[in-house]
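Biologist: I have the model open. Can you walk me through the contacts between chains?

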4 protein chains.
Amino acid sequence: MADTAPNRDLSALADFAFFERMRVRWADVDMQGIVFNPNYLIYADNAMTEYMRAVGFPYPQALQPFGADIFAVGSQIDFKASARFDDELKVGARVEKIGRTSFRFRIAAFRGEELLADVRTTYVCATPGETRSTLPVPEKFIAVVEAFEKVKPER
Amino acid sequence: MADTAPNRDLSALADFAFFERMRVRWADVDMQGIVFNPNYLIYADNAMTEYMRAVGFPYPQALQPFGADIFAVGSQIDFKASARFDDELKVGARVEKIGRTSFRFRIAAFRGEELLADVRTTYVCATPGETRSTLPVPEKFIAVVEAFEKVKPER
Amino acid sequence: MADTAPNRDLSALADFAFFERMRVRWADVDMQGIVFNPNYLIYADNAMTEYMRAVGFPYPQALQPFGADIFAVGSQIDFKASARFDDELKVGARVEKIGRTSFRFRIAAFRGEELLADVRTTYVCATPGETRSTLPVPEKFIAVVEAFEKVKPER
Amino acid sequence: MADTAPNRDLSALADFAFFERMRVRWADVDMQGIVFNPNYLIYADNAMTEYMRAVGFPYPQALQPFGADIFAVGSQIDFKASARFDDELKVGARVEKIGRTSFRFRIAAFRGEELLADVRTTYVCATPGETRSTLPVPEKFIAVVEAFEKVKPER
C-alpha cells in the first residue's frame with residue numbers, strides 16, 4: 001500500500017542549494033517523544049520564507065509590486081524518520097518545478113545525513129483576498145531562482 | 001502543474017459515516033485571515049482520534065493489547081478553499097484502504113457543503129518506541145471499521 | 001517562594017456563569033504527557049471568544065461600531081494540576097473587574113471539580129492598528145456582562 | 001485598573017547575561033498581524049532551554065541525576081508592545097530568585113532596545129510523573145547560575 005507516494009524519488013542533501021538550520025523545540029514534540037507531524041509543515045513554511053529571503057525575493061514584500069500573493073494548493077509529505085526534542089536539523093528548500101501560474105517547493109528535513117521528512121508543496125500565484133484570480137509567476141522570481149539553484153527547476 | 005495530486009477524486013460529504021464538528025479558533029488563523037495550512041493536519045489528527053472513539057476502537061488504548069502503535073508515514077493534502085476565524089466546520093473521517101500492516105485515512109474539512117481541505121494519511125502499525133517493527137493491522141480494527149463505514153474500504 | 005501568586009484566592013466552579021466544554025487534543029500534550037503550559041492561554045482565548053458570543057457581544061464584530069478592538073496587556077496564570085490527553089475539561093470564563101478603559105477576565109480550566117489552571121487576563125480597549133489610543137469600555141458590553149454574571153464584576 | 005501588574009519593575013536589557021536570538025515565524029502571527037499572546041510563553045520556554053544549555057545544566061538531562069524534573073507553577077506576563085512577522089527578537093533569560101524547592105525565571109523579549117513581553121515563571125523541582133514530591137533545587141544548578149548571572153539571584 002505504497003500508494004500515497006507512488007514512484008517517489010526521495011530528497012537528497014546534495015540537491016539543495018539552501019538550508020535552514022533549526023533546533024526542535026519542546027513545543028514541537030508530542031507524547032510519543034517525537035515531533036508531531038503537523039509541525040513539519042511549519043518547518044517547511046519557515047524554510048520557504050528563509051529561502052525567499054536568501055534568493056533576494058523576500059516574502060511577502062517582493063510579491064507586492066506584482067499585485068500577487070501565493071497560496072498553497074497541495075502538499076505531499078513523506079515521514080521517513082522522527083525528529084526528537086533538541087535535535088539539530090537542516091531543512092533544505094528548493095524550487096523544483098515552475099509552471100505558468102504556480103510553482104512547487106521541495107523541502108526536506110535532515111538530521112545529519114538522515115532524511116526525516118520530505119515535503120512537496122505547490123503554490124499558486126493569485127490576487128490577494130477572497131477572489132484569488134490566478135496570476136503568472138513573476139519573471140523576476142523565476143530569474144532569481146534559476147540563478148540560485150543547483151538543480152534546474154523543471155518547466 | 002496539477003502534479004502534486006494527479007488523478008484526484010475529491011472527497012464527497014456523502015462518503016463519510018463520521019463527522020467531527022468544530023469551530024475555527026483564533027489561534028488557527030494567520031495574517032491572511034485564513035486557517036494556516038499546518039492546522040488542517042491537526043484537524044485531521046483530531047478527527048482521526050474521534051473516529052477511533054466512535055467506532056469503539058479508541059486511540060491509543062485499543063492498540064495496546066496488540067503491542068502496537070500507529071505512525072503516519074505519508075500525507076497528501078489538497079487545499080481547496082480557506083476556512084476563516086469562527087467558521088463552523090464538519091470534518092469527515094473514514095478509513096478508505098486497509099493493507100496488511102498499514103491503512104489509509106481520508107479526512108476532509110467541509111464548511112456546509114463546501115470542501116475546504118482533503119487529507120489522505122497512511123498509518124503503519126508497528127511496535128512502539130525506536131525500533132518500530134511493522135505489525136499486522138489488528139483484525140478487530142478491520143472488523144469495527146468495516147461494520148461502521150458506508151463506503152467499504154479497499155483491501 | 002510563593003511570590004508569583006501572593007494571597008491568591010483561587011477560582012471556584014460556582015463563580016462562573018459560563019463554561020466552555022472541550023477535550024484535550026493530542027496536539028496540546030508534551031513529552032511529559034501533560035498539556036504544555038502555553039496551551040492554557042489558548043484555551044483561555046477560546047473561552048473568552050465563546051463567552052463573548054454567549055453574552056451577545058461576539059468578538060470582534062460587536063466592538064466594531066465603537067471603533068474599538070481589545071488587546072491583552074497582562075496575564076497571570078496559576079498552574080495547579082495537569083490536564084492529560086483526551087481529558088474532558090470545563091473552562092469557566094467571567095469578567096471579574098471592569099475599569100474605565102480595561103477589564104479583566106478570569107478563566108479557569110476544571111476537570112470535574114478539580115481546578116487545573118487559573119488565568120487572569122487584562123484587556124484594554126483601544127483603536128485597532130499600530131497607534132492604539134485607549135477607548136472607554138463600551139457601555140453596552142458592561143450592561144450585557146452585568147446582566148449575565150453571577151458574581152457582579154468589581155468596578 | 002493596573003492591578004494585574006502592581007508596582008511592577010520592568011525588565012531591562014542590561015540585567016540579562018543570556019539572550020536567545022530568534023525570528024518571528026509566520027505560524028506565530030495572528031489576524032491582527034501580531035504575535036498571538038500564547039506564543040510568548042513558547043518563546044520563554046525556548047529561551048529557558050537555551051539558558052540551561054548555556055550555563056552548562058542542560059534540560060532535562062542535567063536534572064536526572066537528582067531524580068528531579070521541573071514543573072511551572074505560575075507565570076505572570078506583561079504584554080508591552082507587539083512583535084510582528086519576521087521581526088528579529090532578542091529573548092533574555094535569567095534566574096532572578098532561588099528558593100528551597102523552586103526558582104523563578106525572568107524572560108523578556110526585546111526588539112532592539114524595546115521591551116515587548118516580560119515573563120516571570122516559577123518552577124518547582126519535584127519527582128517526575130504523577131506524584132510530584134517536591135525536591136530541593138540542586139546545589140549544582142544554584143552554583144552554575146550564580147557563576148553565570150550578572151544580577152545575583154535573590155535567595
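Predicted model: local features only at pLDDT ≥ 70, side-chain atom pairs only at ≥ 80, totals over all residues.

Biologist: What area is buried between chain B and chain D?

Modeller: About 880 Å², with carbon and sulfur atoms giving 80%. Buried area is the accessible area (1.4 Å probe) that two parts lose on being put together, summed over both. On the chain B side, B:Trp26, B:Met31 and B:Phe36 lose the most area to chain D, together 66% of what that side buries.

Biologist: How many residue pairs are in polar contact there?

Modeller: Two between chain B and chain D, both residues of a pair being at pLDDT 80 or more. A polar contact is a pair of N or O atoms within 3.5 Å; within protein, one must be able to donate a hydrogen and the other to accept it, and residues adjacent in sequence count only if both atoms are side-chain atoms.

Biologist: Switch to A and B. How many residues does each chain give?

Modeller: Chain A gives 35 residues and chain B gives 35 residues. The buried area between chain A and chain B is about 2,800 Å², and carbon and sulfur atoms give 54% of that. Zero salt bridges again between chain A and chain B. Polar contacts there come to eight residue pairs, both at pLDDT 80 or more.

Biologist: Which element supplies the largest share on the chain A side?

Modeller: E2(A), with eleven residues. Helices (H or I, at least four residues) and strands (E, at least two) are DSSP runs, numbered from the N terminus.

Biologist: And how do E2(A) and strand E2 of chain B pair?

Modeller: In the antiparallel sense, over five bridges. Two strands pair if DSSP finds at least two bridges between them. A:Ser75 stands opposite B:Ile77 in E2(B).

Biologist: New topic. Is D:Arg106 buried or exposed?

Modeller: D:Arg106 counts as buried because its relative accessibility is 2%. Buried means under 20% relative accessible area, exposed over 50%, partly exposed in between (1.4 Å probe, protein chains only). D:Arg106 lies in strand E4 (residues 102–111) of chain D.

Biologist: What does the side chain of D:Arg106 reach?

Modeller: The backbone oxygen of D:Asp9, at 2.8 Å. The D:Arg106 side chain also makes a polar contact with the side chain of D:Asp118 (2.8 Å).

Biologist: Which peptide bond of chain A is cis?

Modeller: A cis bond joins A:Tyr59 and A:Pro60, with omega about -5 degrees. A:Pro60 sits in the loop between H1 and E2 of chain A. In chain B, the bond from B:Tyr59 to B:Pro60 is cis, with omega near -5 degrees.

Biologist: Last one. What is the phi of C:Arg132?

Modeller: Positive, about 55 degrees, although C:Arg132 is not a glycine. C:Arg132 is in the loop between strand E5 (114–126) and helix H2 (139–148) of chain C.

Key
Residues numbered from 1 in each chain as written. Chains lettered and ligands numbered in written order. Heavy atoms only, no water. Contact = heavy atoms within 4.5 Å. Salt bridge = Lys/Arg side-chain N within 4 Å of Asp/Glu carboxyl O.
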